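Please look over the chain before reading on. Keep the sequence beside the 3D view.

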Amino acid sequence: MNRKAKGHTGLIIISIFLMVVSLSEASTSLSTASLLSTSNQKRFNPDGGYDVFGETPKGLEDVKRLYIFRMRNNRRPRYSSGLDTWNDPEKSTLYKFISSLITRNKLTFTTGTIRGVSYRFGGRFLFAQPTQLDDRPTIEGQLSKYKNGAKVAEGKVPFTGCDCED
């Protein structure tokens with residue numbers, strides 16, 4: 001092998017070594033980033049019940065409670081997520097979510113329709129542990145009520161964590 005060929009071989013070996021080291025470092029930083037992301041997501045657990053906090057806007061007085069239960073390990077939750085209303089003191093109606101987005105910074109949902117009524121919400125969680133039981137709102141956002149597809153009520157509705165047993 002001549003001197004020129006040996007030089008090229010050395011350059012190729014060094015180049016491959018540098019690429020492997022770079023890929024290894026990138027993989028390590030990606031693993032660290034995904035671990036951090038996973039640990040942040042593990043700390044955020046919105047599953048549970050939330051009561052309306054304070055007075056509700058006109059037309060939304062029957063809205064009382066919000067239930068959030070997410071899938072875990074590709075398994076459906078034991079309970080359904082939904083918005084609970086009480087038109088009759090003896091009977092509540094649960095409007096189950098038909099679509100939702102539940103992240104630390106955003107909460108949106110649309111409910112199914114029951115007797116022509118449905119709801120939409122767009123808001124956010126105020127804390128990383130939103131189900132904490134204290135006397136302040138933990139979710140805030142805009143709730144809209146629809147009757148036969150037409151908006152009949154809308155307003156800002158805050159929710160607070162509850163010790164829901166009913």
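The paragraphs below go from the overall fold to the core, the strand pairing, the salt bridges and the rings.

This is a predicted model, in which local features need pLDDT of at least 70, side-chain atom pairs count only at pLDDT 80 or more, and totals for chains, interfaces and linings use all residues. Residues are numbered from 1 along each chain as its sequence is written, and side-chain values use heavy atoms, with hydrogens and water left out.

Start with the outline. Helices (H or I, at least four residues) and strands (E, at least two) are DSSP runs, numbered from the N terminus. Along the sequence the order is α-β-β-β-β-β-β-β-β. Of the 166 residues in the chain, 31% are buried. Here buried means under 20% relative accessible area, exposed means over 50%, and partly exposed lies in between (1.4 Å probe, protein chains only). The chain exposes about 11100 Å², and carbon and sulfur atoms supply 54% of that area. Such areas come from the Shrake-Rupley method with a 1.4 Å probe, and for residues only the protein chains shown count as cover. Contacts (heavy atoms within 4.5 Å) also span the sequence. Among those between residues at least 6 apart in sequence, 42% join residues at least 24 apart.

Now turn to the interior. In soluble globular proteins, nonpolar side chains tend to be buried together. A nonpolar core is a set of buried Ala, Val, Leu, Ile, Met, Phe, Trp, Tyr and Cys residues joined through side-chain atoms within 4.5 Å. The largest one here has 22 residues. Leu66, Leu107, Ile139, Leu143 and Phe159 touch the most other members. Strands E1 (48-52), E2 (63-68), E4 (91-102), E5 (107-111), E6 (117-125), E7 (139-147) and E8 (150-161) each give two or more residues to this core. E6 gives the most, with four residues. Which residues does leucine 66 touch, not counting residues up to four places away in sequence? Among them are Tyr50, Leu83, Phe97, Leu107, Phe109, Ile139 and Phe159.

Next, the strand pairing. Two strands pair if DSSP finds at least two bridges between them. Strand E3 (residues 82-88) pairs with E4 in the antiparallel sense, over five bridges. Glycine 82 has lysine 96 in E4 as its bridge partner. E4 and E5 are also antiparallel, over five bridges. A hairpin of four residues joins E4 to E5. Serine 100 stands opposite phenylalanine 109 in E5.

Charged side chains come next. Side chains of opposite charge can pair when their charged atoms come close. A salt bridge is a side-chain nitrogen of Lys or Arg within 4 Å of a carboxyl oxygen of Asp or Glu. The structure holds four. In one of them, arginine 65 meets aspartate 51, with the closest N and O atoms 2.6 Å apart. Arginine 65 is in strand E2 and aspartate 51 in strand E1, so this pair ties together parts 14 residues apart in sequence. Arginine 65 is buried at 9% relative accessibility, while aspartate 51 is partly exposed at 22%. Another salt bridge joins glutamate 140 and arginine 124 (3.0 Å, N to O). Glutamate 140 sits in strand E7 and arginine 124 in strand E6, so parts 16 residues apart in sequence are tied together. Glutamate 154 and lysine 151 also form a salt bridge (3.1 Å, N to O).

Last, the rings. Rings of Phe, Tyr and Trp (its six-membered ring) pair if their centres lie within 6.5 Å; planes under 30 degrees apart count as stacked, over 60 as edge-to-face and the rest as tilted. By this rule there are five aromatic pairs. Phenylalanine 44 and phenylalanine 125 pair edge-to-face, at 5.1 Å centre to centre and 75° between the planes. This pair links distant parts of the chain, 81 residues apart: phenylalanine 44 in the loop between H1 and E1, and phenylalanine 125 in strand E6. Both residues are buried. Tyrosine 95 and tyrosine 119 have ring centres 5.1 Å apart and planes at 75°, so this pair is edge-to-face. Tyrosine 95 lies in strand E4 and tyrosine 119 in strand E6, so the pair ties together parts 24 residues apart in sequence. Ring pairs also link Phe97, Phe109, Phe121 and Phe159 into a cluster.
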